[in-house]
Structure formats: structure tokens, C-alpha cells
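The report below covers selected loop contacts, strand pairing, salt bridges and surface charge. Please consult the sequence and the structure alongside the text.

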Amino acid sequence: MKLLKKCSALALALALSLSLAACADAPASARPTSSAPSQASGTRLITDGAWRQVEVPETVESVVCVGVGALRYTCYMGAADRVVGVEDYENQPDLTRLYSYVNGERFKDLPVIGTNGSPNAEEIITVDPQVIVMSEYASADADELAARTGIPVVVVPGSDTTLDEKAYETLRVLGELFGLEERAEELTAYLDGVKEDLAARTASVPESERPSVYVAGVSFKGVHGFEGTEAHYGPFELLNANNLADATGQSGAFDIDPEQVLAWDPDVIFLDFNGMDLINEGYAKNPDFYNALSAVKNGKVYSQISFRSYASNLDTALADAYYAGSVIYPEQFADVDPVEKAGEIFTTLLGENPYNDLKEAGYEFRPIVLGE
């Protein structure tokens with residue numbers, strides 16, 4: 001019977017893709033805003049993040065997630081209990097990916113259905129989810145995966161930054177898929193409030209009065225030391241901060257010549273905990289270089305809790321933004337307790353507050369003394 005079910009689904013998926021191919025490039029104004037009933041009993045059509053119309057069950061109670069952000073945002077939606085298989089990277093609880101940490105007991109024994117955005121069609125068929133949720137960052141074609149498995153594939157944009165349109169669109173699609181539209185609207189309103197609050201607190205600060213800042217130890221394709229930085233760093237972007245790395249004309253994370261940082265001589269330095277071991281090794285080898293920096297001499301070196309693991313983790317990035325704001329703009333953030341705000345953000349997105357666990361593991365908001 002299962003084979004018959006898969007064959008029927010395969011035929012349906014192929015027929016549907018042919019009939020709707022002409023709609024694939026429809027303008028945004030033509031995108032349906034709500035589910036439409038399907039001809040098939042107990043199913044409906046939704047429009048996913050790739051503007052594909054996908055036929056899914058009326059009620060979706062079991063999914064697997066493929067690619068950057070798919071499982072993360074499913075957890076944000078409060079749908080972790082519907083996940084029946086995970087990528088090998090996702091069943092290892094990690095404090096740099098809080099969604100995996102708070103759901104560690106739930107995910108650790110689930111079947112593995114792929115690795116880092118590369119799905120294993122055979123394993124997916126074995127766990128038999130109703131729907132495959134796939135991020136656009138995955139290294140697979142949605143229609144091909146649907147054809148191979150006979151299971152509908154819903155694409156979500158995912159997000160590798162903070163509070164961009166991809167993040168909001170991912171919430172919308174998943175809200176429709178899971179029948180959790182109210183949750184999606186609540187999260188969107190909350191995140192809009194965070195974005196507006198951070199912008200409003202800093203908008204009136206003249207550019208000439210914004211301290212220059214540099215972030216080091218940023219992870220990308222592995223761990224990096226003092227040279228690892230990021231242009232348009234998410235938490236700084238939300239704060240209208242004077243990020244010196246932006247002046248390079250680069251985007252995203254990259255390695256910079258440390259001598260350039262010395263030439264810039266930033267007012268404030270933030271260090272990502274992921275890179276602290278390498279940064280301290282560098283300090284031990286050449287303390288004179290670091291001690292020549294004004295931020296080091298003036299005790300203006302502070303932490304950032306690592307949020308870049310399998311792309312950006314929105315929960316920690318937003319908490320980092322409030323802590324950085326309290327450091328860069330103490331007057332504008334005088335009424336904010338960064339630890340309390342982190343707890344609010346974590347609870348809203350993850351359903352619980354693991355800040356104390358982060359602190360016990362050495363990840364906390366605090367000044368940093370190099371070499372300690």
C-alpha cells in the first residue's frame with residue numbers, strides 16, 4: 001500500500017508541476033495569500049517561498065526539514081513535535097544553535113535524512129513524512145526531490161542574516177503549511193517590534209557621535225581568530241552602528257589584515273566566543289599588537305554570543321544586538337537589561353530561556369580581558 005501511495009503521489013506531483021509551470025514566474029501581486037482547496041479530498045494548495053503551488057494534506061502533522069533554516073524556523077513556529085527526521089547536523093544539540101539545544105531530547109534519536117542541505121531520498125521515504133520542508137539554500141531541486149520521493153516539497157527562503165524579508169516570508173509559508181497562521185502573525189509582529197525598537201533608539205544619534213566598532217572571531221566555513229570579521233554584521237545593522245568592516249566594500253564574513261584593524265583603531269571591539277581560543281592564542285604570541293589598540297587599553301572589549309552556526313540563528317543575533325546596543329549607546333539603552341531581554345527573545349522564539357545554560361558554558365554578555 002505504501003508503494004501505491006508513493007506512486008500515486010508521484011504521478012500527482014508530475015501532473016501538477018506541468019499544469020502550473022506557466023505560473024512559476026507570476027508577479028508578487030498574483031501570489032495567493034491563503035490556502036486554496038484542491039480537487040483531491042483532504043488536500044489543499046499552498047504557494048511556497050519559491051512561488052510554486054504545492055498540494056499538501058489538509059492537516060500536516062509530520063515533516064522532515066532540509067537545508068539552512070528549514071528546521072530552525074519550524075522550531076520558531078512551535079512545530080518541532082511534527083519533525084520525524086533530521087539532517088545529521090541537526091541531531092547534535094549545540095549552544096550555538098539554540099533551536100537544536102532546546103529540542104535536543106526530541107531530535108537526538110530521530111532518523112537521519114540527509115546532511116547539510118543534501119537530502120537522502122531513500123531515507124526520507126523510509127520515515128514517510130507528509131511534507132518535506134526545504135530551504136532554498138539546500139543543494140537539491142524541489143521538483144526533482146518531490147518526484148523521487150512522491151512527497152510534496154515546500155520551499156522556504158530561510159535566512160542567513162537578521163530580520164530580512166526572507167525571514168518573514170519563511171514564517172508566512174510555514175504558518176500556512178502547519179495551520180499556524182496566528183503564530184506566524186504573532187512572531188512577525190514581535191520581530192517587527194524588535195526591529196523598530198532598535199532602530200528608534202539609535203536613529204537620532206548623529207553619525208559623528210557613533211563610536212567606531214569592530215567584531216572579531218566571526219565563524220564562517222570554520223572558526224576564525226581576530227582577523228575573522230563581517231561587513232554588514234546583523235546585530236550592528238539593526239543598531240545603525242559604525243561598523244568599520246563596512247568600509248571595505250565587502251559583504252558578509254571574511255578575513256581582514258589585522259594591520260588594517262590597528263590602522264582603524266576602533267573605539268569598541270566585540271569578540272565572538274567561537275573565535276576566543278584563536279584570539280587568545282594570537283594574544284599570547286603577540287600581546288604588543290593587541291595592547292596597542294585603544295579599545296584594549298581602555299577596557300572597551302566585549303562579548304558576542306556566537307550565533308553563526310548553520311547560518312545565522314535569529315534568536316541569539318537579536319540578543320547580541322541588544323547587548324551591543326547597551327555598550328555602544330549606553331544612554332539610549334539605559335532602560336534595557338540585556339540578559340532580561342535575551343530571555344524574552346529566547347522564550348518568544350524558542351519556548352524557553354536557555355541563557356543560564358549559555359552562561360554556565362562560558363557564553364555570556366560581559367567585558368572581555370584578552371589572555372584571561
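P367 counts as exposed because its relative accessibility is 53%, where the cut-off for exposed is over 50%. The model is a predicted one. P367 belongs to the segment that follows helix 16 (355-360). Between P367 and F270 there are 97 residues of sequence separation, yet their C-alpha atoms are 9.0 Å apart in space.

A second pair involves A292, located in the loop that connects helix 12 (287-291) with helix 13 (294-297). With a relative accessibility of 38%, A292 is classed as partly exposed. A292 and L262 are 30 residues apart in sequence, and the C-alpha to C-alpha distance is 7.7 Å.

An open sheet is built from 4 strands in the order 12-10-14-15, with parallel pairing. Its edges are strand 12 (242-243) and strand 15 (301-304), each of which pairs on one side only.

V213 has N243 of strand 12 as its bridge partner.

Strand 2 (residues 43-47) and strand 3 run antiparallel and are connected by 5 bridges. Strand 3 (residues 53-57) is mostly covered, as 4 of its 5 residues are buried.

The hairpin formed by strand 2 and strand 3 has 5 residues between the strands, and W51 adopts a positive phi near 65 degrees there.

## Salt bridges

How many salt bridges does a search of the whole structure find? The search returns 15. One of them pairs D48 with R52, whose closest N and O atoms are 2.5 Å apart. D48 is buried, because its relative accessibility of 0% falls under the 20% cut-off. R52 has a relative accessible area of 17% and is therefore also classed as buried. Another salt bridge joins R97 to E90, with the closest N and O atoms 3.4 Å apart; both of these residues are buried.

K166 forms a salt bridge with E136, and here the closest N and O atoms are 2.7 Å apart. This pair links distant parts of the chain: K166 is in helix 7 (residues 165-178), whereas E136 is in the loop between strand 8 (131-135) and helix 6 (142-149), 30 residues apart. K166 is partly exposed, given a relative accessible area of 31%. E136 is likewise partly exposed, with a relative accessible area of 39%. Salt bridges with shared partners also connect D48, R52 and D143 into one network.

## Negative surface patch

Which residues gather in a patch of negative charge on the surface? The patch consists of E181, E182, E185 and E186. Of these, E186 lies in helix 8 (residues 181-203). At 44% relative accessibility, E186 is classed as partly exposed, since that category spans the values between 20% and 50%.

Conventions: Residues numbered from 1 in each chain as written. Predicted model: local features only at pLDDT ≥ 70, side-chain atom pairs only at ≥ 80, totals over all residues. Heavy atoms only, no water. Patch = residues over 30% accessible without salt bridge, like charges linked within 9 Å, V, L, I, M, F, W, Y side chains within 5 Å. Areas by Shrake-Rupley, 256 points an atom, 1.4 Å probe, with all protein chains shown as cover. Salt bridge = Lys/Arg side-chain N within 4 Å of Asp/Glu carboxyl O. Lys, Arg positive; Asp, Glu negative; His and termini not counted. Charge placed at Lys NZ, Arg CZ, Asp CG, Glu CD. Helix = DSSP H or I, 4+ residues; strand = E, 2+ residues; numbered from the N terminus. Buried < 20%, exposed > 50% of the residue type's maximum accessible area, 1.4 Å probe, protein only. Pairing = 2+ DSSP bridges.
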